[in-house]
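Hello,

Here is the structure you are taking over. My notes on its pockets follow below.

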Amino acid sequence: MKIEKILHSRIKEMNFNDISFGNHYSDHMFFSEFRNGKWKNSIIKPFGNIWVSPISLVFHYGQAVFEGMKAYKDKNEEVFLFRPEENFKRINRSAIRLEMPPIPESIFMNGLKKLIDIDRDWIPKNYGQSLYIRPFLIAIDGVLSAKPSNDYLFMIISTPAGSYYKSPLKIKIEEKYSRSASGGVGFTKAAGNYASSFYPTRLAKEEGFDQVLWTDSSTHTLVEESGTMNVFFWLKNKLITPKANDNILSGITCKSILSLAKKEGIDVQERDLKVSEIIDGLKKGVLKEAFGCGTAVVVNYFKTISYQGDNFFLPDLTEKERISLKLKKSLLDIQHNLSEDPFGWRFQLKKYL
Ligand code: PLP
Ligand code: COI
């Protein structure tokens, strides 16, 4: 792989004491091209604009998929990726559904490891902070007919990340708009899934909410996910999350939380979850906690849930009482190499260069 290093790092412009999400990008980026049926020209080079044809299919027909993953530092500044093989598998599940070529494992993993190695100074050191890594695949064919592209670009960029949300969330159960439908692309990280969520989310924000809780598109009676989070409900002493199906993104954080909760002996259920169970639980005081989780968000609990104009407050538990925060700490401790890694989730990044 060719590597062109930057001459002057931009890292001095970065204030690591005040990290917002996605405003600063590390010095380098990786990219690899798929042309005439072959992957070629893998290169790490200085972060910068790319030039593609205005006819590129990504602009017109939305052939674009992406991933979100993180690199963490421990106290000795050793670097760890969290379950990178899961992101590798998922980007290819997304690619196949959008009729795009799967990325070879060697290209994904070598690009990722070497890029993060070169930019390891960009990984924040504090607990809960990380380097958010964004691999993505876009169609760059210059023919305007509505058909899959011949040519593609796979890239990886990264951005230092602190917390995604600053406070507990106010959630609105959405009954008019849908994020995905059965047989569609809801289970993928297709760029278009996010574009289509922006309008209903803006409407909810105008009503004073932070996020919508999506429900199934045909009956609006089943809970799906929220924003960029899978959701969990601590209902009648059971931790319930909607079972991943083709409407829901199968989250790596969600899978990890499930494993951690099971290990703690918590009664966990992955199943269809009715909106009515949640509302009933809120009314009867047996829904103690609700939270969302995802790579960018980590874990964030909900403060209120609104349904058909009624606003329900979740119990005002102390931090110690919250199952969400206990599980968040277990997860972050593993990610920062502060505890054992019984599931083999940490991938230590050696120095390649
Ligand atoms: N659901 C959606 C729509 C997301 O964008 C994300 C974030 O990636 C998640 C769930 C959580 O997935 P993960 O934990 O793999 O980041
Ligand atoms: C992630 O958590 O990785 C996401 O995809 C969130 C991102 C859309 C900001």
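**Pockets**

H4 supplies the most residues to the lining of the largest pocket, nine. This is a predicted model, where local features need pLDDT of at least 70, side-chain atom pairs count only at pLDDT 80 or more, and totals for chains, interfaces and linings use all residues. Residues are numbered from 1 along each chain as its sequence is written, and side-chain values use heavy atoms, without hydrogens and water.

The largest pocket holds about 880 Å³ of space. Of its 45 lining residues, Phe-66, Arg-134, Tyr-164, Tyr-194 and Thr-228 are the closest to its centre. Elements giving two or more residues to this lining include S7 (130-139), H4 (191-206) and H5 (252-263). By class, the lining has 21 nonpolar, 15 polar and nine charged residues. Domain 1 (2-162) and domain 2 (169-316) both contribute, so the largest pocket lies between them.

The second largest pocket holds about 460 Å³. It has 22 lining residues, and Val-299, Tyr-301, Glu-319, Leu-325 and Lys-328 are the closest to its centre. H7 (323-335) gives the most to this lining, with five residues. Nine lining residues are nonpolar, five polar and eight charged.

Terms: a pocket is an open set of points on a 1 Å grid over the protein atoms alone, where a 1.4 Å probe fits, with protein on both sides within 12 Å along at least five of seven lines; lining residues have an atom within 4 Å of a point. Volume is the space filled by probe spheres set on the points, which are joined across faces, edges and corners. Helices (H or I, at least four residues) and strands (E, at least two) are DSSP runs, numbered from the N terminus. Ala, Val, Leu, Ile, Met, Phe, Trp, Tyr, Cys and Pro count as nonpolar, Asp, Glu, Lys and Arg as charged, and the others, including Gly, as polar. Domain bounds come from an automatic or database assignment.

Best wishes

Notes:
Chains are lettered from A and ligands numbered from 1 in the order in which they are written.
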